[in-house]
Amino acid sequence: MRQKSIFLMLALLLTCTVISGCGSKEASTKAGGSDEPIKLALSPWPGWFVWYLVKEKGFFEKNGVNVDLVYFPVYSDSLSALASGKVDANSQTLSDTLAPASKGIKLKAVLVNDNSNGGDGVVVKPSINSLKDLKGKKVATELGTVDHLLMLTALEKAGLAEKDVSYTNMTVNDAGPAFIAGNLDAAVLWEPFLSKAIQEGKGKLLFSSKDTPGLIPDLLVFKEEITKNRPDDVKKIINAWFDALDYWKANPEESLKIMAKAAETPIDEYKAGVDSVKIFQLEDNIKAFAKADSYESLAFTSAKTSEFLKGLDMLSTIPKVETFLDGHFVEEVLKERKK
């Protein structure tokens with residue numbers, strides 16, 4: 001469901017004075033005033049519609065934090081909004097956090113919302129039976145997105161490179177309908193576009209994020225100044241998230257209805273989409289922020305993804321994980337919730 005641009009915004013990041021404090025006066029004022037709402041951005045992805053459950057059931061208010069949810073139909077617009085200071089936090093992928101981190105943009109990932117577990121995939125025409133069959137075929141996804149990375153990973157598995165296919169740069173909003181219309185041989189999509197392409201476009205799933213577990217973590221990322229100037233509010237937002245997950249567990253049908261309504265998707269379709277991701281509980285977060293030699297660790301995933309992207313000239317430098325990963329908030333939340 002969400003576009004995941006790895007470096008589409010690099011031009012903006014390089015030209016904008018964010019690095020030296022673009023919009024810092026306005027942002028600083030917001031950061032210093034706890035009465036100001038924190039603007040939290042999200043885009044259409046199953047795991048992120050949980051934020052509407054948080055809002056609908058009053059968990060922001062319960063935790064004493066003022067939050068405005070800002071919805072972006074096009075995911076890359078949310079990245080631009082965070083970079084330019086129009087929002088204080090964004091729901092975005094780990095890979096999308098690497099590019100600005102490598103350029104010195106001050107961001108902090110404080111929460112893992114979910115991990116794609118089949119929610120992103122390569123859908124192909126029925127006549128295509130293997131990844132090798134993609135050679136010479138017209139394949140679409142958006143340049144620089146994590147689904148572009150998924151496509152390259154799939155091609156690499158088949159011994160192919162991007163030059164071996166007829167690559168077409170398209171947003172998911174265009175690629176999904178184009179595949180359904182029969183104008184593409186293959187497309188790399190995410191839910192619900194993935195399921196719709198399979199159902200309406202008579203396509204079949206050839207490769208998905210389930211084949212690359214841990215490759216696509218989805219995070220809550222703040223401007224660093226917010227985490228420094230309003231740490232209590234950051235912690236309250238995280239608490240509100242886990243309150244919503246507890247409510248979902250106790251009230252599954254009502255919760256799914258609320259999230260499906262926010263997604264403007266039939267409940268059965270939304271459930272299929274959310275079933276393709278692993279929602280991260282508090283214990284999952286603690287494990288994710290710990291260092292380990294597996295994709296269960298954000299640090300490990302960051303290093304491997306950075307190396308892969310650098311090898312493709314998508315990153316000029318590999319950022320140090322301690323500059324953008326901050327797990328101390330979830331650790332504090334766990335301590336408080338155990339009391």
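In this predicted model, the second largest cavity is lined by Val112, Asn115, Pro217, Phe280, Ala288, Tyr295, Glu296 and Leu298. Sorted by class, this lining comprises 6 nonpolar residues, 1 polar residue and 1 charged residue. The space in the second largest cavity is about 30 Å³. With a cut-off of 30 Å³ or more, the count of cavities comes to 2. Such empty space is located by rolling a probe the size of a water molecule over the atoms.

An open sheet of 5 strands was also identified, with the order β7-β6-β8-β5-β9 and mixed pairing. The edges are formed by β7 (166-169) and β9 (204-208); each has a single partner strand, so one side of each is left without a neighbour in the sheet. On average, neighbouring strands of this sheet are turned by 30° against each other, with direction ignored.

Within the sheet, strand β6 (residues 138-141) is paired with strand β8 (residues 186-190) in the parallel sense, over 2 bridges. Ala140 has Ala187 of β8 as its bridge partner. Helix α8 (residues 172-180) packs on the sheet and touches β5 (120-124), β6 and β8. The direction of helix α8 makes about 130° with that of β8.

Conventions
Residues numbered from 1 in each chain as written. Predicted model: local features only at pLDDT ≥ 70, side-chain atom pairs only at ≥ 80, totals over all residues. Heavy atoms only, no water. 1 Å grid on protein atoms, 1.4 Å probe; cavity = no way out; pocket = protein on both sides within 12 Å on 5 of 7 lines; lining within 4 Å. Points joined across faces, edges and corners; volume = space filled by probe spheres on them. Nonpolar A, V, L, I, M, F, W, Y, C, P; charged D, E, K, R; others polar. Pairing = 2+ DSSP bridges. Helix = DSSP H or I, 4+ residues; strand = E, 2+ residues; numbered from the N terminus. Axes fitted to C-alpha atoms, helices over the stretch in contact; angles between N-to-C directions. Contact = heavy atoms within 4.5 Å.
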